[in-house]
Amino acid sequence: MSTALLIQPSGELWKKIREELNENVNTRDQDLATIKEWLRKQPHLPDEWHDQCLMSFLRGSNFSLEKCKKKLDMYFTMRTACPEFFTQRDVTRPDLKDLLSRGQGPTLPGLTPKGYRVILARALDKTLDPSHLNNVFKLAMMMGDIRLNEELEGVAGDVYVLDASILAPSHLGKISPGAIKRFLICIQEAYPVKLKEVHVVNVSPLVDAVLSMVKPFLKEKIKKRIFIHHDLETLYEYVPKDILPVEFGGTSGHIDEIQKAWEKKLGEYKDWFLAEESVIANEALRPGTPTNYDELFGIDGSFRQLSID
């Protein structure tokens with residue numbers, strides 16, 4: 001396995017990704033300056049934020065300034081609305097350390113031929129309590145925030161590989177639809193993520209029950225991007241073996257090594273995570289009507305679009 005946590009695109013792949021992201025290297029600094037000026041003018045949002053994170057949002061919005069503004073507004077809004085995901089993000093905390101010993105969810109270092117980043121998630125302990133979902137989602141978004149800082153060149157999209165091998169009937173009654181919905185709103189509306197594919201491997205009939213719980217909260221285009229694999233050979237048609245770890249028939253090293261590298265990186269970001277707890281939307285200062293969280297997370301699967309000046 002490469003020692004690099006995230007191998008960055010280069011050469012022809014870099015050029016291809018630039019085209020897909022609508023990124024003009026001659027004008028992107030001006031786009032960044034425009035977003036920074038807009039941010040300073042929003043009374044309910046932080047006056048300043050990290051340039052690299054803002055560039056990640058521009059890329060995730062295909063350099064549409066209006067889309068970028070909406071994503072940023074929602075991102076800081078979700079930081080306020082979901083403290084269970086965005087506070088106490090210290091991986092040395094006993095609850096997070098315990099969870100990291102029971103499951104793995106690293107972003108893999110390489111890129112697919114299409115320029116996609118691959119995230120692989122699996123549980124290691126059959127006694128893992130799904131009531132700990134909030135911390136699972138917290139760790140996932142902690143890694144997402146690191147990528148906001150460290151995807152220096154941007155990627156064409158994300159691919160998730162989910163290992164369902166230890167899914168048990170006892171888990172189903174403990175899964176909170178509300179937590180799933182809040183997480184999926186974060187991923188679909190607040191993060192600059194281009195979700196290209198979701199692959200579920202080592203499946204059982206229980207997977208259908210879980211998907212029926214999750215799909216109401218997914219956009220239609222994402223529902224069509226979920227692939228169920230009864231054999232890893234079909235997975236390789238989408239994710240090459242040289243991207244996958246040995247445990248999934250790949251050649252990129254062992255997943256334990258990749259996971260440990262991410263755990264080390266999460267520890268290095270301890271102070272950053274702590275400082276970011278106060279970088280949130282202040283609903284009392286939002287122009288117009290403050291966000292109604294009950295409405296935002298309504299059970300009908302819809303959520304209110306935030307107004308952007």
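This is a predicted model: local features need pLDDT of at least 70, side-chain atom pairs count only at pLDDT 80 or more; totals for chains, interfaces and linings use all residues.
**Stop 1: Trp 49 and Phe 76**

Start with the aromatic rings. The whole structure holds 14 aromatic pairs. Select Trp 49 and Phe 76 for one of them.

Now colour by secondary structure. Trp 49 sits in the loop between α2 (28–41) and α3 (51–60), and Phe 76 belongs to helix α4 (residues 65–81). The pair therefore ties together parts 27 residues apart in sequence. Trp 49 is buried at 8% relative accessibility. Phe 76 is buried too, at 0%.

**Stop 2: Phe 227 and Tyr 238**

Move on to Phe 227 and Tyr 238. Here the ring centres lie 4.8 Å apart, and the planes are at 40°, so the pair is tilted. Phe 227 is in strand β6 (residues 226–228). Tyr 238 is in the loop between α12 (232–235) and α13 (255–268). The two are 11 residues apart, and their pair links distant parts of the chain.

**Stop 3**

Next, show the largest nonpolar core, which has 84 residues. Which residues have the most contacts inside it? They are Trp 49, Leu 72, Phe 76, Met 78 and Met 141. In soluble globular proteins, nonpolar side chains tend to be buried together.

Pick Leu 72 from that list. Beyond its neighbours within four places in sequence, Leu 72 contacts Ile 35, Trp 38, Trp 49, Leu 54 and Phe 57.

**Stop 4: Ser 61**

Select Ser 61, in the loop between α3 and α4. Ser 61 is buried, with a relative accessible area of 3%. With neighbours up to four places away in sequence set aside, Ser 61 is in contact with Lys 67, Cys 68 and Lys 71.

**Stop 5: Asn 135**

Finish at Asn 135, in helix α7 (residues 133–150). Its relative accessible area is 16%; Asn 135 counts as buried because the value is under 20%. Outside the four places on either side in sequence, Asn 135 touches Asp 95, Leu 96 and Leu 99.

Definitions and conventions. Residues are numbered from 1 along each chain as its sequence is written. Side-chain values use heavy atoms; hydrogens and water are left out. Rings of Phe, Tyr and Trp (its six-membered ring) pair if their centres lie within 6.5 Å; planes under 30 degrees apart count as stacked, over 60 as edge-to-face and the rest as tilted. Helices (H or I, at least four residues) and strands (E, at least two) are DSSP runs, numbered from the N terminus. Buried means under 20% relative accessible area, exposed over 50%, partly exposed in between (1.4 Å probe, protein chains only). A nonpolar core is a set of buried Ala, Val, Leu, Ile, Met, Phe, Trp, Tyr and Cys residues joined through side-chain atoms within 4.5 Å. Contact means heavy atoms within 4.5 Å.
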